[in-house]
Structure formats: structure tokens, C-alpha cells
Amino acid sequence: MATKAKVRTGRRPVSRDRADSRFAAAALAPAWIFLAVLIGYPLVQVLIDTFNHVNLINPAVSGFAGLDNFREVVADPHFGGAVRNTVVWTAGSVVGEYAIGLVAALLLNRKVRGQAAFRVMTFIPWLVPIIVAGMTWAWMLNPDFGIVNYLLTKFGVIDQPINFLGNKHWAMPTVIFVNVWRSFPYYTISFLAALQAIPGDLYEAAQIDGASPWRRFISVTMPHLRSVSLIIVFIHIIWTAVNFDFIWVMTEGGPNYATITLPILIYRYSMKEFNVGQASALSTMMLIGTSLIFVVYYRYRRKLSEEIVG
Amino acid sequence: MKTRTQRRLGNLGAYVLLTLLSIYCIFPFFWMVVSALKPKREVRARIPTLWPKDLTFENFTSVLGKHGFVTYIRNSMIVALSACLLSLVISILAGYVFSRFFRHHMVRFSNLAMLISQMIPGVLLLVPLYITMRNLGILESYLSLILAYTTFVIPLCTFMLSSAFDSIPMSLEEAAVLDGCGRLGTIRRVILPIMIPSIVSVGLYAFITAWNEFMFGYIFISQEKYRTITPAIMFFKGANSVDWGGLMAASVIAVLPVAMIFLFLQRYFMAGLMSGAVKG
């Protein structure tokens, strides 16, 4: 009996290690297959198509294009406007979401009766399909029968109903407004989690020192939100800049290109003009942009960690 | 005394602001439902009524029957449920390995790959994905959507489940292995039953993401018999640009499953979001 046990313990680590490795590889395989076929391969394909003439429906179009696709993108009369709109759309959305998300989190963090119900209500917009958020607001903002225009004219805020989505000056602020409405709960959830992690005695100490509520917010609350702020702001910069759905369902880039953004241009190049090379070149440019944003994030993150640790 | 009145005032202010916040969040849903329940001429009234004078379900019956939303709901259910189950199986396996073999090189590499792939937005891969689906011959089918949705939720599901596995002590499964359970058997019979709350919240995330997705459904599918509900609303708007009552009824139908799930399971859901949100 004794020898048998010894043999087993002697042999086990080797075979178990190998069995473990095999198990780990087998269990990761399905995830890898999905990521490789549906993210890795398309990614490589985008990079290849960027430098080639490719047409979605006409296989006769082929050949090396060099930098032609980039030139075509930059020469597109709507490219400059799309870049500017993408920046406005992204910056406006992220600033609005951050402000409302933070205020909502501070309010929902107070211990008041009905807190749970208020929290649930605040998170509901985030669950809605983008198309539903877009359509519901489009209906509410409708110039002829919309409730918003009715109320605004009734209370004398405006004289004439505003065609929010049909007017080129109003269209962009309006889609930003609707995006903020749907996206801010994500910030609130993240901020709430961070707020709950702040030790209560910090506030007590600040209060004993005579710090005003505003002072406590600046000196105690905000420093504890830096880390979470950094990550959600950067994630949302990327998510918003590449978002196709919101603008497409509300304005399709109109009126008269007033809300056209880069993802919409990609869609137009590929699905309307079937110019895969040009669409890929723009995708590549956006991938480079995304990577740069990621590098900036990474450096900030580093600096912040160093500050927090020591 | 002063601090007490101050606190009262503060609470009052908080209530006022919380009420305004709730109205801002909830009113569009209220208005969606009210408009869906109004007859056509009341929808297009100069002075909107806050509650339908003649409450009617004609918008719902017309959308479900004449405009084929029964099919779209079925398609969305099939696609979202399949994507949810498939991504759960895949990310339970991957999440388990991430948690238990975190020192392996393979795991570190996979972790990095998932982080990166999570940062690559679907729209930038739109064209090659479309061509890949076409080459696989699954463009006009549920399968293209199921595969795409599964892929894009795998990373986050894996991260969330891996941290759930972290909270389960190794000793538990070692005992089961000593009792002669294989590794898969141990996961299935011993660990998964304890993890049901996490699995439910991850599954809900996958389901809702798939149910709400618009772009792939809009581009991969052009036949009505495979169309899912979110693109269907877009096409409905294009074809019936003035039928706001019908459009709102369709919106209610699209929101209903998600809202129900959320209201009944919000405890699971909020906890899962809070733990997963920050890691993003």
C-alpha cells in the first residue's frame, strides 16, 4: 500500500500538469475560434483591402491600389464635415453623459426613502434598443404633433415649433441630447459603485474640519472618482465615435449631411457605393485613431496609478 | 437645530431633483405607451391629450398582424436566446480557465487578445464580416446574427464569469475531484449551481445585447422572414412615415421583454452591472 501511494504522488504532478494544460487549451478553444474567425480574420482583411481595389458586388474590380483608397477618402467632399461632426458628436455626448451621470449618481447615493425605486427608474433608458430611443424621441420632438414642441410653445419658450431633426442647426444637438439620455445611466452605475467604496469617515473628518459640502465634494469625492472616470470616459469616447446606430436611425446623416459622421461614411462607401477598398481605408484610419486614443488612455492610467500608489 | 433643518432642506431638494430625474428617464416610456394606445386621429391631434380619450389596441393589432411583427419577435427571440446560450457555454469554459489557470501563458495571452478585441468596434469590421458571412453562405439566416452577437459579447461575459469563479474556493472542487468527478463534471455539478446568480446576470447581458442590436440585423438580413425586431422598426418607419401610433406600438413591443426581465430580475442585474461595469 505504502509504495503504491508513493508511486502515485511521484507521478501525478507531471501528468496532471499536462492534463491541466490540455484541458485549458480545449476549454479556451471555442472562444478562440470565434474571436479568430469573426474578429481576427476580418481585421486582417480590412488591412489588406485598404491597399487594394475591391468592389462588393463586382469581382472584376481588383488589383493593388497603393494609397489610392486613402486619397479617395480624403478627397470626398463630405470627409472634412464628417470628421468635424464626429468630434462634435463625441465630445458633446461624453460631456453631457458625464455631467448628468455624475449628478444622478450623487443624488442616488443619498440615503432617502424610495432610493431603490429611483435607481431602477434611472437605469431604464440604458436598456432600451437604440432604435426605440431614437423613434420615441423623434416622435416627442415632432414639429407638428410632438409633445415637446406643444409644451414649449404653450409655455411661451418658443414662438414657432422647431423641426428638431429636420433643421440643420438643431439636428446635431438633438441627436446628442437623445444619446445622452440613453447613455448616461452607464456612468451613473459606475459612479455609484465607486461612491459606495469611499470610506464614510473621510467625510466625517472633513466635516469636523469645517469643510463645506462643495469643498467635501471637490476634496473627498472627486479624487475617488478619478480612476473610474478615466476608464468610462475613454471607453465612451471610442464607443461614441464609432457609433453608427444612433445617427442612422434618427437622421441617416441628414438633413443635408448636417449629422454625417465617419461610421455613416463607412456604411455609405460599403453598402451604397460597394467600394470595399475605400470603406476599408476609412476603417483603418479609424482603427489608428482608436489605437491612439487607447495609448493616451494607457499613459494617463499609468500616471494615475503612480499618483495613487505613491 | 440648524443642522436638522439644513438636512431637511437638503432632503427636500434631493427629492425634487430625484423626481425631475425620474421624469426625464421615464416620461418617454409613458408617452410611448400612451401614443400607442391612441386612435389615429388622436395621435395626430394639434393639442396632445395626456391620456387617450378612446383607448384602443388597434395600433398593436395592426403592427402585429398586418405588418408582420409576430414574425420579427419570433426571429429576435430565436436569435437572442441562441446567442445567449452559446455565449454562456463558451464564456463559462473560458472564464473557468481564466480564473483557475491564471498563471498559464496561454491564459495571459488570451486575456490580452480579449481585451483588444473588445476595443475593436463592429462597425469597422462591417465589410469583411459581411463578406465572411456571404462566403460562409449564411448571410440570409439566423446563424449569421447568432455568430456575430456571440462573438462580440464573449470578452465581457468571460471577464464577468472569471471574476465570479474567483469567488469560489478551490477546496470545493478539489473535494469533488477526489470523490472521482472529472473536471467538467465538477464544474457542472458542483460549481455552476452555486454560480447561478452570476450566470443569470451574464446571460441577461448577452440576451439584451443581442435583442437590442441593430446594425448587423439591418445589414446581414434583407428577407422579411429572417428579420429581427430592431431593423423591422426602422423599415416600418421608412414605409409608414406618418403612422406614429403604429411606430410607438412596435416600440412598446420591442421594449417589453427587456423591461420585464429587468423589473423582475433587477436585483441580479444591478449587482452584475455594478461588478462588471467598472472593469468594462
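What pattern does chain A follow, read along the sequence? I went through this predicted model to find out.

**Chain A, overall**

I read chain A from one end to the other and got α-α-α-α-α-α-α-α-α-α-α-α. That comes to 12 helices and 0 strands. Next I looked up the radius of gyration, which is 26 Å for chain A, well over the 19 Å that the globule rule gives for 310 residues, so the chain is more spread out than a compact globule. The C-alpha trace spans about 95 × 75 × 35 Å along its principal axes. I also checked burial: 39% of the 310 residues in chain A are buried. Then I turned to contacts between residues at least 6 apart in sequence, and in chain A 69% of these join residues at least 24 apart.

**One residue in chain A: Asn85(A)**

I picked Asn85(A), which sits in helix α3 (residues 79-109) of chain A. Is Asn85(A) buried or exposed? I count it as buried, because 24 other C-beta atoms lie within 10 Å and the cut-off for buried is 20 or more. Setting aside neighbours within four places in sequence, I found Asn85(A) in contact with Met172(A), Thr259(A), Ile260(A) and Thr261(A). I also looked at Leu47(A): it is 38 residues from Asn85(A) in sequence, and the two are 25 Å apart in space, C-alpha to C-alpha.

**Chain B, helix α8**

I stopped at helix α8 (residues 170-178) of chain B, where 0 of the 9 residues are buried, so this helix lies largely in the open. After α8(B) comes Gly180(B), and I noted its positive phi, near 100°.

**Where the chains meet**

Last, I went to the contact between the chains, which takes 74 residues from chain B and 66 residues from chain A. Which helix gives the most to the side of chain B that touches chain A? I found helix α1 (residues 2-36) of chain B there, with 14 residues. By class, the side of chain B that touches chain A has 55 nonpolar, 16 polar and 3 charged residues.

Note on methods. Residues are numbered from 1 along each chain as its sequence is written. Chains are lettered from A and ligands numbered from 1 in the order in which they are written. This is a predicted model: local features need pLDDT of at least 70, side-chain atom pairs count only at pLDDT 80 or more; totals for chains, interfaces and linings use all residues. Helices (H or I, at least four residues) and strands (E, at least two) are DSSP runs, numbered from the N terminus. The radius of gyration is taken over C-alpha atoms; the globule rule is 2.2 Å times the number of residues to the power 0.38. A residue is buried if 20 or more other C-beta atoms lie within 10 Å of its own, exposed if 12 or fewer, and partly exposed in between; C-beta atoms are placed from the backbone. Two residues are in contact if their C-beta atoms, placed from the backbone, lie within 7 Å. Ala, Val, Leu, Ile, Met, Phe, Trp, Tyr, Cys and Pro count as nonpolar, Asp, Glu, Lys and Arg as charged, and the others, Gly among them, as polar.
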